[in-house]
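The structure is shown first, and the notes follow by topic.

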Amino acid sequence: MAVQTIAIGAELGDATYAMPAIKALGGAHIVCPDRPWNRESWSRRCLGLKRLAEAQDYIHSWNPHTDQKIDVDLTGYRAAGTRHGELIPLRIARWARVKVDITQPWLAVDPDPRTKGRIIINRAPRWVGSGSMPYAKIVKQFQKELLFAGTDDEYTTFCASYGPVERFICQDLMDVARAIKGSELLISAQSSPYALCEGLKHPAVLEICLTSPDVCFHRPDVTHYISGILKFSACGKDFEEEGEPVKIDRTNPPPGGYRVTIGTKTLQDWDFLRLEQM
C-alpha cells in the first residue's frame with residue numbers, strides 16, 4: 001500500500017504534538033506548506049525538526065511542501081475549536097479523526113552523554129507564564145548544573161534577566177531532544193523544548209501560560225507552576241522557593257475576552273486551570 005502524504009503546520013511545537021496523530025494514521029511522508037494560518041516562513045522553519053522526525057520509524061520523510069499531493073491536511077486543526085481541558089495532541093487527533101495514546105512516548109532518541117546529571121533550561125518569549133516563576137533563585141541554586149538550550153536571543157535575554165548560565169549549543173531539535181533525554185530534568189515554558197520533553201516523557205518543571213494552558217499533561221514526574229511555592233528535586237538537591245505574587249484583574253480581561261480562574265489549592269495539589277469565555 002502506498003504511503004500517504006500528510007501536511008502539518010502552525011509551529012514547531014504544534015508539529016511535534018501532531019506526531020501521535022501521524023503515528024495513529026499509520027505513518028506518512030510529511031510536507032510543511034506555507035499557509036496564512038501557519039507561522040511565517042514555516043516551510044523553512046520546519047527543517048529544524050527534519051532530522052528528529054525522520055529518525056522516527058513512522059515518519060518516512062519530512063520536507064517543505066512544493067508540488068506533492070496531500071492526502072491528509074492537519075494544518076487547519078485549530079478550526080476544530082477547543083474543548084475545555086483539551087491538550088493540543090488530542091485536538092489534532094480529533095481533527096484527524098483518530099484515537100491516540102498520549103501517555104506513551106512518541107519520540108525515540110539516543111541520550112546525549114554530555115548532559116548526564118545536568119538540568120536543561122529554556123525560556124522562549126512565547127507562551128510564558130505570569131512572570132512569577134523564580135528563575136533567578138533556580139539559577140542561584142543550580143548554576144553549576146544548568147545548561148541553557150535555545151536561540152541566541154533567548155539565551156541573552158535569560159542571562160540578562162536571571163543570571164549567567166552555561167549554554168548548550170544545538171544545531172536543530174534533534175540536538176535539543178538528545179540533550180533533554182540525557183539530562184536529569186527540563187525546566188521550560190510552553191515552547192518547543194517542552195513539546196519534545198512530552199514526546200520523550202521526560203521529567204520536567206513547566207511554567208504554565210495562563211491564557212493557553214493546553215499542554216498541561218498530568219504526569220507524576222512533571223511539576224506545573226503558576227504561582228506560589230515551587231517545589232522540585234534534581235541533581236541531589238531539593239528546591240523550594242516562592243515566586244513573585246500573581247495579580248489577576250478579573251474586571252479587565254485580556255484581548256480575546258477571557259476571564260482567568262485559578263484553583264485555591266496549593267501548588268502540589270493544583271489540578272485545574274479554567275478559561276471561561278466572557
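Two strands count as paired if DSSP finds at least two bridges between them. The model is a predicted one. Strands β6 (residues 146–148) and β7 run parallel and are joined by two bridges.

- L147 has E166 in β7 as its bridge partner.

**Four-stranded sheet**
- Another open sheet has four strands, ordered β3-β2-β1-β4, and its pairing is parallel.
- Here the edge positions belong to β3 (59–64) and β4 (72–73), each with a single partner strand, so one side of each is left without a neighbour in the sheet.
- Strand β2 (residues 28–32) runs parallel to β3, and five bridges join the two.
- Within this pair, H29 of β2 is placed opposite S61 in β3.

**Loop residue T115**
- T115 lies in the loop that links α5 (88–96) and β5 (119–122).
- The relative accessible area of T115 is 0%, and buried means under 20%, so T115 is buried.
- Apart from neighbours within four places in sequence, T115 is in contact with I120, L147, F168, R178, A179, G182, S183 and E184.
- Among these contacts, L147 is also the residue whose bridge partner in β7 is E166.

Key
Residues are numbered from 1 along each chain as its sequence is written. This is a predicted model: local features need pLDDT of at least 70, side-chain atom pairs count only at pLDDT 80 or more; totals for chains, interfaces and linings use all residues. Side-chain values use heavy atoms; hydrogens and water are left out. Buried means under 20% relative accessible area, exposed over 50%, partly exposed in between (1.4 Å probe, protein chains only). Contact means heavy atoms within 4.5 Å.
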